[in-house]
Amino acid sequence: MDLKHKCAETNGVRLHYVTAGSGPVVLCLHGWPETHREYRVVIERLGHKYRFIAPDLRGFADSDKPFSGYDPETIAADMLGLLDAEGAEHFHILSHDLGGPPSAALA
């Protein structure tokens, strides 16, 4: 499965993310101290059924590292901007660890 590396400006930060696959959108929020790469195996195995959007959350890897904004609500706002950039109106969330609280805020 080919990953497409992209960047988007959202909520005052530049986020790096990958997309792959086709079908219903699944937003993947990684844990600490991981990156989008955590989801490569899942994307490779399920990319034929789902369209994955897997960002490097603010502060990680190739995304911006601002001084503040690491609370769940701000990260959730980051993700809403990223989903808007990708034209995703409906989505599922796959997360754990650090990605859990922003997932609850998104829900």
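Throughout this section, a residue is called buried under 20% relative accessible area, exposed over 50%, and partly exposed in between, with a 1.4 Å probe and protein chains only. By this scale arginine 40 is partly exposed, with a relative accessible area of 38%. The structure is a predicted model, in which local features need pLDDT of at least 70, side-chain atom pairs count only at pLDDT 80 or more, and totals for chains, interfaces and linings use all residues. Residues are numbered from 1 along each chain as its sequence is written, and side-chain values use heavy atoms, with hydrogens and water left out.

Helices (H or I, at least four residues) and strands (E, at least two) are DSSP runs, numbered from the N terminus. Two strands are taken as paired if DSSP finds at least two bridges between them. Strands of a sheet pair through backbone hydrogen bonds, either parallel or antiparallel. The model contains an open sheet of 5 strands in the order E1-E2-E4-E3-E5, and the pairing is mixed. Its edges are formed by strand E1 (4–10) and strand E5 (92–95); each has a single partner strand, so one side of each is left without a neighbour in the sheet. From one strand to the next, the twist averages 30 degrees. Axes are lines fitted to C-alpha atoms, for helices over the stretch in contact, and angles run from 0 to 180 degrees between N-to-C directions.

Strand E2 (residues 13–21) and E4 run antiparallel and are joined by 5 bridges. Tyrosine 17 has proline 55 in E4 as its bridge partner. Helix H2 lies across E1, E2, E3 and E4, and runs at about 120 degrees to E1.

A nonpolar core is defined as a set of buried Ala, Val, Leu, Ile, Met, Phe, Trp, Tyr and Cys residues joined through side-chain atoms within 4.5 Å. In soluble globular proteins, nonpolar side chains tend to be buried together. The largest such core has 17 residues, and Leu27, Ile53 and Met79 have the most contacts inside it. Two or more residues are given to this core by each of E2, E3 and H2. H2 gives the most, with 5 residues. Contact means heavy atoms within 4.5 Å. Not counting residues up to four places away in sequence, methionine 79 touches Leu15, Leu27, Leu29, Pro55, Leu57 and Leu106. A second, separate core has 9 residues, including Val18, Val26, Cys28 and Ile43.

A salt bridge is a side-chain nitrogen of Lys or Arg within 4 Å of a carboxyl oxygen of Asp or Glu. The whole structure holds 4 salt bridges. One of them joins the side chains of lysine 6 and glutamate 86, at 3.1 Å from N to O. This pair links distant parts of the chain, with lysine 6 in strand E1 and glutamate 86 in the loop between H2 and E5, 80 residues apart. Lysine 6 is partly exposed at 28% relative accessibility, whereas glutamate 86 counts as buried at 14%.

Glutamate 86 also forms a salt bridge with arginine 51, at 2.4 Å from N to O. Arginine 51 lies in strand E4 and glutamate 86 in the loop between H2 and E5, so the pair ties together parts that are 35 residues apart in sequence. Both arginine 51 and glutamate 86 are buried.

The side chains of arginine 40 and glutamate 44 meet in another salt bridge, at 3.9 Å from N to O. These two residues are 4 residues apart in helix H1 and are separated by about one helical turn. Glutamate 44 is partly exposed, at 44% relative accessibility.

Rings of Phe, Tyr and Trp (its six-membered ring) pair if their centres lie within 6.5 Å; planes under 30 degrees apart count as stacked, over 60 as edge-to-face and the rest as tilted. The whole structure has 2 aromatic pairs. The ring centres of tryptophan 32 and phenylalanine 60 are 5.5 Å apart and the planes stand at 80 degrees, so this pair is edge-to-face. Tryptophan 32 lies in the loop between strand E3 (25–29) and helix H1 (40–46), and phenylalanine 60 in the loop between strand E4 (51–55) and helix H2 (72–85), 28 residues apart. Tryptophan 32 is exposed at 60% relative accessibility, while phenylalanine 60 is buried at 11%.

The rings of tyrosine 50 and phenylalanine 52 have their centres 6.3 Å apart and their planes at 65 degrees, so this pair is edge-to-face. Tyrosine 50 is partly exposed at 28% relative accessibility, and phenylalanine 52 is buried, with a relative accessible area of 2%.
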